[in-house]
Amino acid sequence: MATSTLVPNPRHIFGQSGCTADNLHWQSEHTAVFAAGQHVVLYTPELKSQQILSGAPETDSISALCMSSNRKFLAVGERAAKATVTVFDLTSLKRRKVLMSTIAGGKDIVSMAFSPDARFLAVQYGAPDWNLALWTWEKARMAGSTRTSNATANPVRQVLFSPFVAADGSAQVSVVGLSICKSFRCSDVGGLKPVPIALSHRPDLDLTCHAWLSGGEVERVVGGTEAGELVYMEGQENLEPIQCGAPVRSMAAYSRGLAVGLANGKLMVFGKEAQGDGLAPLCLLREVTAGTNIGTMPSSAPNARALHASKSMAPRHGAGPENRIGARVNGGALISMAISPSEDTLGLLTLDKRMLTYNLGSVDATNIDLVPLVAAGPQCHCGEVVAMATCVRKPLLASISSDQTVRLWNYRDKGLELAKSFDEQVTSVALHPTGLFLLVGFSDRLRMLSILMDDLKAMKEFVIKACSDCCFSHGGHLFAAQSGSMIHIYNTYTFEPVASLRGHGAKVRCMAWLPDDARIVSAGEDGAVYEWRLSDQRRLRDHVVKGCSYTSVALGPGGRCMYATGNDRKLRELEESSNGTAMTAEIDTGCLLTRLAVPQSGRFVVAGTETGRVRLYKLPLTGEYAEVKVGKGSITQLALGMEDCYLYAACTEGSVSVLDMPPSTATLGPRKDLAELNFAEEVLVGKAEMDDKRNRIRDLGLQVAEMAMQHEYQTRLQAANAQETLRLAREEAAREEASLRARNVALQRAKEEQEAEHERSVKKLELSHQAWVQHMESQHGQRLGAEAERYSALQRDLKAEKDLGASERQALLDAHSKEKQDLSASHTVQLQAGARELEAKQVAGRQAVREGEEMRAQIEVDADREVEMQRERYEAQLALERDAGQRHRAENIVLQRKVGDMGAQLEGAKSECATLTAHRAQLQERVEELRSDVANLQRECQERDDLLLDKDRRIAEAKAAMGEMQKLKFVLEYKVDELRSQAQPREQKLSALAAQISEMDKELGRYHTTNASMHAALADANKQQAALRQEVTQSFFATRTLEAHKRQVQGHIAAAAELIQSPEALKAAVVTMYQAHVEGGGAALRADPNLEQEYARQRDFLEKEVTDLKARLQHDASSASRNHKKVLQENMQLVKEIAALRQDLKTLQAGRNGTPHASARRLSGGKSLAPNTVNGQSKQRESAGTEDIRNMGLADLIPARVSVS
């Protein structure tokens, strides 16, 4: 049982329909209209806002759209058991009419079109009847219908109204298709009447679309073919077709030309030029390529259209299974286009579901700039959406499609955040709760990707084949991935395997984590639902239904209840019990449920169906539900947003929808808008990208410094140019002054002449105007009198004609009535005679009676025919009299109009007189203005005289300043010679200093060589010391060995001494001692007794040698350091002196070339530079840094091994 309450409402849709005819229109300059799934979207690209019109719930999909020329009404054609047309009012966004007919037949609507005045709606229905219906849609009445296909039932692809309306209010409509080109005249009374169209010379054309062009009084229809031609279908059959190079998919005509969309993604814009006898052939102005969407068009995309030249093909905009394309079809084909009301913007929809715009205002024969196509919205999936996932901390949706792409949608900003294409098919996706990581499954592996600012970077690959489902735990520290009948659990951060769950007998279809992340629930194609505990990898609960293949499982609040659905079209509620898992409820859904989701409130179960609908089953399960149609095809994934306020649904059509959940499902009080939800703003940035940005910032800093130097140089150059320009301007001003004076004198003379001439012309105009006014008054008086007399005569003639016509009409009526009475009397007499004759002949028998009856019938027929002829004759005379009366009335109206025209002419003459009077006043005002201009010119001449005097004074001052500058120049030249003589010995000194620096470098090299040799000697000494130390150690161990032997011998001797009283025992003890210590250890007993003394002596000698070497090394190092510091100080002093000398040299050169300098400016004040002043400046410059020295060009004088700090 279905209810209509608490239905989710669509909020935003990412995607468009690829099988809807004419699926793009402009409601205004900024709002586009297109179909997406079961809805019509009014989209504003600048604001990324959408208004959504939902289709009828009982229909399957939207197959066609059309909009009226006044942009007020939108017709939506929907596929159903009986094709339905719904007309929306775009002002109020409400339904106006629903049109449904059983006569037209067909489930599909191929194409629709409004008439120019929006009174008629032409609807082309699909197979098998291919009927064209003409609707008077405001009355919901069908004015007529006709079959438009041919005998072989070829498909019809487009219907279109001519933009021109005839004088009688009728309109012309045309249809095209495979070997079909027909035209009809439509009206309220006559319905659809065929009109011949000039295309008989090529009857086999496969027309895909057409458009009406206008040029003066000529109407022309241009059609596009599957062979890539533009043919003329109305008039001028001698024009050759235009070759486009690819099949034509869409057309749009506007006042300046024609836009054509091709199957290879090219947009061709043609211009038209009017000729004397009609339109010239179209000329190509622009050709732009739309490119393709990222990803690959699937080989069996359900939303693609095949337009091949075959009789068995589907309709151009059909939705049947035969209307599919292969991979060879270009995904960027322009399948629909529309022109904005101002004709400045062209909107386009491509086969791979991109919305583009093109600026038609830039298309001009004189403008050669190429304007590209601009994306007007996010790039959507061009294939079936396989899976979808969402996260908690960010407003992101991750979706994968059969077009081999992964896309991240930002449902708060209503845009595409990131998209990436892969070379292999994507099978599953999961988004980490933080929104920073992504799991993507492929046919042979599972990849963990990090979501960077503008890319997806692979972090780890897991060898998990054919992973059709994966999901992160609620905390994000674990993730589960399915592979056949197994479930693999991994640690998110260490990538270590945690568990491998085996138990399903078939493929696992769905998984869900419990709130504690310690257990996971799985459902498979074997009809089993298992709850697993990860700590010991055991099943806690299970429920098996034989013969059922589960498609989805969802957990209720707290995880105690589970809801599962499968291919048996039943929804089951499973609860934990003492015996395991018990089924507490089971309902029949009536259709296959593909996905389940349960909000935290626990009031509903959200289910997606195979028909593209979303259902909300009320809990506890009773079978009661509310549903809404989301898209075409089945629902592939469902997800609930933060606080269960929003529902996200993905369809096989390729769209992702965001829906508002009913208020009763929210868990934390009132609903919050997306802008009010607190989402994280952090993003991941790779180290390489950061390094690139740092390098770019450094390069930009160097560029800024370089540009600053160039700017300073240019500023100085501009200052010099400005001085020169000022000099030239002064000279030009002097010349201009002389010319202005001469011109002023000429203007004064011309002004006096013009004043005299103007006075004469004004007097002449006044006299002629008075005479003309008098003449016009007399002429108009005479004409008005004559017209008045003529009008009176016409009134009298009209009255006489009326009287005459009335009398003649009355006479005719009287004659007609009299003749009618006479005929009636004569016929009555004849009938009486026939009756008497009949009575007389009754005795003659039955044969005579039959003949009499036949004669009577014949007489009655003849009488009726004669009466009818008389009536028709008199009615014809009456019609003639009526026509004469109408003609007299028309003549009367014409006379009245003439009288009105005369009155209007009289009023025009009066207004002309008033105009002349006003013109005279204007002339007088002009005279006053000229007099004021003369006064202003005199004042301006006086001001210019004053200005010239001021310029003379300034020129004199400039000449005096020039004399001072000449004196200063002489002083500067003297100082330059003096400084040059001082600079020559300094340059010699600089050369000597450079040679001295070179010698110091050589000495420093020698110091380095000595230091290296000392380091080598020290290393040798260290090695010798280590060898001696090893020898000492060996000697120490040998000494200890000898002492042990000594103690052993002493013990043996003491033992032998005790046997001194027994010679035999003493002898045996001595022999044993000899064998032990002389034969076996004689070498040890023969050791050097002075070894310990030699060891001590060598050790003392080596320690003294090492101490001496350390002292010498320290002394040499300190000496080298002092020498190095001395050389550096001397180098610094020399460099500073060189810098000071170079600066003085530049100063001298600048003074010699005449460039303004600080010293020159000081000299201009009457002071001279002394040598000690130059030395003082040199001492001040000694504090300059290394960068300033290099900028002065002294880097080549600094040795490579000497650093200046």
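A: Of the 1205 residues of the protein chain, 40% count as buried, where buried means under 20% relative accessible area, exposed over 50%, and partly exposed in between, with a 1.4 Å probe and protein chains only. This is a predicted model, in which local features need pLDDT of at least 70, side-chain atom pairs count only at pLDDT 80 or more, and totals for chains, interfaces and linings use all residues. Residues are numbered from 1 along each chain as its sequence is written, and side-chain values use heavy atoms, with hydrogens and water left out.

The protein chain holds 8 helices and 59 strands; these are DSSP runs numbered from the N terminus, with helices (H or I) of at least four residues and strands (E) of at least two. Turning to the sheet itself, 4 strands form an open sheet with antiparallel pairing, in the order β11-β12-β13-β14, and two strands pair if DSSP finds at least two bridges between them. At the edges lie β11 (109-114) and β14 (141-147), each of which pairs on one side only. On average, neighbouring strands of this sheet are turned by 20° against each other, direction ignored, where the axes are lines fitted to C-alpha atoms, for helices over the stretch in contact, and angles run from 0 to 180 degrees between N-to-C directions.

Within the sheet, β11 pairs with strand β12 (residues 120-125) in the antiparallel sense, over 5 bridges. In this region Ser 111 stands opposite Gln 124 in β12.
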